[in-house]
Amino acid sequence: MFNLLRIGSGAGFAGDRIEPAKALVEEGKLDYLILEGLAERTIALSQKQKQRNPSHGYNEYLEERIRILLPILLKKKVRLITNMGAANPTGAAKKIIEIAKEMDLTCKVAAVTGDDVLGKINGNYKVFESGKSLRDYEPVLSANAYLGIDSLLPALETEADIIITGRVADPSLFLAPIVHHYGWNLEDYELIGQGTLIGHLLECAGQITGGYFADPGRKDVEGLENLGFPYAVIEPNGNATITKLANTGGTISLQTVKEQLLYEVHDPENYITPDCIADFTTAKLEEVGKDQVRVYGAAGKRKPDTFKVSVGYHAGFLGEGEISYAGISALERGKLAQDILKKRLLKNYPNLKTDLIGVSSLHHGQISNYRPYEVRVRVAALCETVEDAKTIGHELEALYTNGPAAGGGARKRLEEVIGIVSTFINRGKITVNTEIWE
């Protein structure tokens with residue numbers, strides 16, 4: 001007989017809140033807590049940090065989270081799995097052990113590496129989004145393969161208290177402990193597909209408990225200031241109930257679960273992961289209580305022969321500036337500012353973009369009959385050099401005294417832009433390692 005497995009989602013992105021994760025460990029009777037903290041661009045930025053300092057390159061909030069969570073994780077015997085190792089899982093593991101020593105705690109950490117494939121790809125690899133070759137995107141800064149559950153299972157078998165990884169597919173972080181706990185066959189794709197659904201539903205944390213769902217007057221959600229994060233109670237056959245702590249804000253309903261089910265899913269019948277090609281079209285959802293939705297019936301097919309690789313490359317420098325105008329003629333002055341900037345810059349910056357924030361910045365067309373009392377003008381351009389990028393902000397700042405009237409709150413910014421494209425690498429080229437620190 002197995003105890004029903006309980007897995008909580010303690011983070012849905014790199015900068016997520018920490019309080020919901022702490023509450024889940026303290027009150028959720030969990031077996032595992034998962035912290036998901038990697039987006040496509042996040043790991044490329046982490047690789048640049050590691051290049052500057054070989055001991056860095058993991059999530060900037062990792063130390064803070066470990067100091068808060070480690071004592072209660074050990075006390076409650078909850079195992080932690082996280083991809084917040086980013087570009088440096090080994091460095092992250094060392095830091096966790098260092099923190100444990102400072103706090104006079106004993107723990108075992110497993111660092112999973114092997115996703116960094118920068119040295120295993122070349123300019124001949126085809127880019128998925130454009131059909132071009134990678135040499136058209138040089139200089140390439142990072143290349144990380146989306147690993148699956150088979151990279152995590154050896155670490156789980158070590159009984160480590162904390163497993164820290166780099167790029168692992170988000171659903172796999174949740175699927176791996178299910179497979180480990182119940183001993184599922186990795187080629188039973190019906191089960192693997194159902195487990196992938198559970199992982200996909202949990203991976204974005206507060207999204208499924210009403211955070212991303214909330215829309216006042218249309219989809220009201222109470223208690224967002226104390227939003228609870230989800231956990232799943234999972235049965236040996238893969239059926240699961242998604243729920244949250246009773247004393248937290250937010251909501252879990254058929255609507256919130258359906259929205260998360262379709263989030264970032266282009267083809268629900270063929271959702272490609274490293275572990276299977278999941279079919280969510282057969283999934284069943286059933287509201288079984290307050291903030292409790294039962295999910296079952298997803299399916300799956302054979303896993304692909306390749307891993308997706310997220311490739312970060314230097315895409316140039318972004319020059320940007322903003323300035324505000326207020327009063328009954330704010331819109332006209334904002335449009336005049338746009339016109340001045342275009343006449344001065346467009347010839348040398350053909351990709352120049354200007355926006356009236358709140359008026360035309362998202363939909364690129366003024367809202368009919370809408371006359372704001374205040375507008376903020378934004379100008380931006382992607383440039384090849386730092387000096388070119390600086391010019392954008394300088395021209396915006398010059399509007400202070402060169403017209404239109406009464407501009408204020410100007411700011412300018414310059415930053416390097418990291419572009420992201422995808423390619424694929426054969427599974428046989430990947431070597432996964434598990435390092436143990438205690």
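A salt bridge is a side-chain nitrogen of Lys or Arg within 4 Å of a carboxyl oxygen of Asp or Glu. The structure holds 25 of these salt bridges. This is a predicted model, in which local features need pLDDT of at least 70, side-chain atom pairs count only at pLDDT 80 or more, and totals for chains, interfaces and linings use all residues. Residues are numbered from 1 along each chain as its sequence is written, and side-chain values use heavy atoms, with hydrogens and water left out.

**Stop 1: a salt bridge.** Select lysine 22 and glutamate 26, whose side chains form a salt bridge (2.9 Å, N to O). Both residues belong to helix α1 (residues 19-27) and are four residues apart, about one turn of the helix. Helices (H or I, at least four residues) and strands (E, at least two) are DSSP runs, numbered from the N terminus.

**Stop 2: the sheet.** Next, show the open sheet of 10 strands, with mixed pairing and the order β11-β12-β8-β7-β1-β2-β3-β6-β4-β18. Two strands pair if DSSP finds at least two bridges between them. At the edges are β11 (284-289) and β18 (433-437), each pairing on one side only. Zoom in on β4 (residues 109-113), which is antiparallel to β18 and joined to it by five bridges. Here alanine 111 stands opposite glutamate 435 in β18.

**Stop 3: two helices on the sheet.** Select helix α3 (residues 62-76), which packs on the sheet and touches β1 (5-11), β2 (32-35), β3 (79-82) and β6 (162-165). Contact means heavy atoms within 4.5 Å. Then select helix α8 (residues 254-262), which packs on the sheet against β11 and β12 (292-296).

**Stop 4: pockets and a cavity.** On a 1 Å grid over the protein atoms alone, a cavity is a set of points where a 1.4 Å probe fits but cannot get out, and a pocket is an open set with protein on both sides within 12 Å along at least five of seven lines; lining residues have an atom within 4 Å of a point. Grid points are joined across faces, edges and corners, and a volume is the space filled by probe spheres set on the points.

Select Glu40, Asp170, Glu203, Glu264 and Tyr271, which lie nearest the centre of the largest pocket, among its 41 lining residues. The volume of the largest pocket is about 1300 Å³. Strand β14 gives the largest share of the lining, three residues.

Finish with Ile149, Asp150, Leu186, Pro274, Asp275 and Lys303, which line the largest cavity. The volume of the largest cavity is about 50 Å³.

Definitions and conventions. Axes fitted to C-alpha atoms, helices over the stretch in contact; angles between N-to-C directions.
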